[in-house]
Amino acid sequence: MSQVTMTVNGKEMSGDAEGRTLLSQFLRETLGLTGTHVGCDTSQCGACVVHVDGVAVKSCTMLAMEAEGASVDTIEGQAAQDGTLNALQQAFQDHHGLQCGFCTPGMIMSAADLLKSNPNPTEAEVRHHLEGNICRCTGYHNIVKAIMAASGQDVSSIAAE
Amino acid sequence: MYNFDFEKPSTIADAVSALGTEDAQALGGGQTLLPTMKQRLASPSKLVSLKGIAEMQGICTGDDGALCIGGATTHADVAAGAGAYAGLAGLAAGIGDPAVRARGTIGGSLANNDPAACYPAGALASGATIVTNAREIAADDYFQGMFTTALDEGEIITEVRFPVPEASNYQKFEQPASRFALVGVFVAKFADGVRVAVTGASEDGVFRWSEAEAALSGNFSADAIVDMAPGADGMISDLHGTAAYRAHLVGVLTRRAVAAALSLPT
């Protein structure tokens, strides 16, 4: 065991980790931040996506020790302190972009990653960016719609009202 | 996953020294190695992360015009920064998904030499030079079959040098679940001839399709290889596709790559 320290959602946090401790495991079990979900644990599904130094990664396929000293953003840091949802979260609610909600933390973090580099994506660009995020409920239409809406675009003509 | 020691050196020399331990293993982005370890198909005693080595990061242009990419450079950085070689940037932009591209590295991909990975096709078709801590290896000598390379134990890919072709393109027929190439073809047209490298198809891993290279070197056009396909002998046959299907795809994708190379910038 050795101590790992990282800045999570703006706060410096430390905990013990083994070499094999995954970032997802460290966030959930050591820091108690269970908003980051583990679906497939094989880097296919994207439920575990978080941002490390501003870039979206699959936290089930990164060692906690690799994030030593890094700035990590998780779903818990997305809403305001008083609980007000951010634009993406609110759009997912408004446009029914989730059903069971299991994939949603990863979807939000991947979508945030896209909108940071491409604030006005086309529908095709949104779908392409979500290739590594699997949802087994929605059929994706309303997720795509929510992300387009959060980017400030008119979504009235997008499929699956 | 079995436990292991973890080290993250900041120089190539320290990494080589750390890899001197028995059963130590270099760790690039871990996008293949960590899933492999979770399945207990690998159980190194120590992982030596190459992510902290600044001299192995980034892209530059060499004196001879070749594109030099640090071994620990991520696919996302190649996709964004290899504009001088658009065919290669396009290959990098299509690997896995955005989160995988943010971690996975070119050195890790080439060292692993997965028979369905994209980079081996790019490196072989380009006639790239694989630079390690110990020597320089020509791509034609480097790839030695599925998951097998010329690398010795503890040898690290520090840089990959790509001669930039006049025209190039990579076409991948994705296995839809894994996003690896069911078949992928990289075509590179140089002043002195055309090189065609195929991944995903052969039981011997990435290979050069010399018949197509000869035809395309005489006439760089999809018409030069109409109805041409390699033989199905030695092609991979599995639940995703038969050997004959893969052989057919090689022909189709090569024609698409040539057509795209002619219509797009290098």
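The model is predicted, so local features need pLDDT of at least 70 and side-chain atom pairs pLDDT 80 or more, while totals for chains, interfaces and linings use all residues. Residues are numbered from 1 along each chain as its sequence is written, chains are lettered from A in the order in which they are written, and side-chain values use heavy atoms, without hydrogens and water.

Let's start at the interface. Chain A brings 22 residues and chain B 28 residues to the contact (heavy atoms within 4.5 Å). Together the two chains bury about 2,000 Å², 55% of it on carbon and sulfur atoms; buried area is the accessible area (1.4 Å probe) lost on being put together, summed over both parts. Arg20(A), Glu66(A) and Glu131(A) supply 31% of the area that chain A buries against chain B, more than any other three residues.

Five salt bridges are counted between chain A and chain B, where a salt bridge is a side-chain nitrogen of Lys or Arg within 4 Å of a carboxyl oxygen of Asp or Glu. Lys58(A) and Asp97(B) form a salt bridge through their side chains, at 2.6 Å from N to O.

Now to the two loops. Ser43(A), in the loop between α1 (23–30) and β3 (49–52) of chain A, has a positive phi near 60°. Asp227(B) has a positive phi near 65° and sits in the loop between α9 (210–218) and α10 (243–263) of chain B. Helices (H or I, at least four residues) and strands (E, at least two) are DSSP runs, numbered from the N terminus. Ser43(A) is buried, at 10% relative accessible area, whereas Asp227(B) is exposed, at 74% (buried is under 20%, exposed over 50%, with a 1.4 Å probe and protein chains only).
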